[in-house]
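We will go from helix packing to the core and finish with the aromatic rings.

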Amino acid sequence: MPESGKVKHYKDLEVWQNGMLVSKAVYRLTARFPTDERFGLTAQMRRAAVSVPSNIAEGQARHGTREFLQFLSHAGGSLAELETQLLLDLGYCRESEIASVASEITEIQKMLAAIRRKLVVFSNH
């Protein structure tokens, strides 16, 4: 977060930056999936991954605390969806690759929870 403590743009949010990194990692992972998964699991995982930073960006850009909380909740739902899809472990990825992305998902989940707590406290003042 910037020194002033006030986020002026969603790109300043570390959680958004991490969401972008996870999205790119998911694209790299799914590029190696079988072609018959292109419109199935590949597309679903990519949509869920991209939905995370997209919802964070949209929520922050609306400038309303309640709306931001709602979009952070959507981002959290997309993370859970993506994690579930990773845990299917159909043998398309190495376990270390799955573990690495799963670890990043856990970190983003923690960050989202912390932001939500701060926003709830802020909105109650």
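Select H3 (65-87) and H4 (95-123): H3 passes H4 in a left-handed crossing, where left-handed means that the near helix is turned anticlockwise from the far one by less than a right angle, and clockwise would be right-handed. Helices here are DSSP runs of H or I with at least four residues, strands are E runs of at least two, and both are numbered from the N terminus. The model is predicted, so local features need pLDDT of at least 70 and side-chain atom pairs count only at pLDDT 80 or more, while totals for chains, interfaces and linings use all residues. Residues are numbered from 1 along each chain as its sequence is written, and side-chain values use heavy atoms, with hydrogens and water left out.

The axes of H3 and H4 lie 10 Å apart at an angle of about 160 degrees; axes are lines fitted to C-alpha atoms, for helices over the stretch in contact, with angles from 0 to 180 degrees between N-to-C directions. That makes H3 roughly antiparallel to H4 (over 145 degrees; under 35 is roughly parallel, 65 to 115 roughly perpendicular, the rest oblique).

To see the contacts (heavy atoms within 4.5 Å), show Val-15, Val-22 and Leu-29, among others in H1, and Val-101, Ile-108 and Leu-112, among others in H4.

Next, which residues touch the most other members of the largest nonpolar core? Select Val-15, Ile-56, Leu-82, Val-101 and Leu-112, out of 31 residues in that core. Such a core is a set of buried Ala, Val, Leu, Ile, Met, Phe, Trp, Tyr and Cys residues joined through side-chain atoms within 4.5 Å. H4 gives the largest share, 8 residues. Centre on Leu-112: beyond its neighbours within four places in sequence, Leu-112 contacts Val-15, Ile-56, Leu-72, Ala-75, Gly-76 and Leu-79.

Last stop: the aromatic rings. There are 2 pairs, counting Phe, Tyr and Trp (its six-membered ring) with centres within 6.5 Å; planes under 30 degrees apart are stacked, over 60 edge-to-face, the rest tilted. Tyr-10 and Trp-16 are edge-to-face, at 5.3 Å and 65 degrees. Trp-16 is buried at 13% relative accessible area, whereas Tyr-10 is partly exposed at 22% (buried is under 20%, exposed over 50%, partly exposed in between; 1.4 Å probe, protein chains only). Finally, Phe-33 and Tyr-92 form a tilted pair, 4.9 Å and 55 degrees, linking the H1–H2 loop to the H3–H4 loop across 59 residues.
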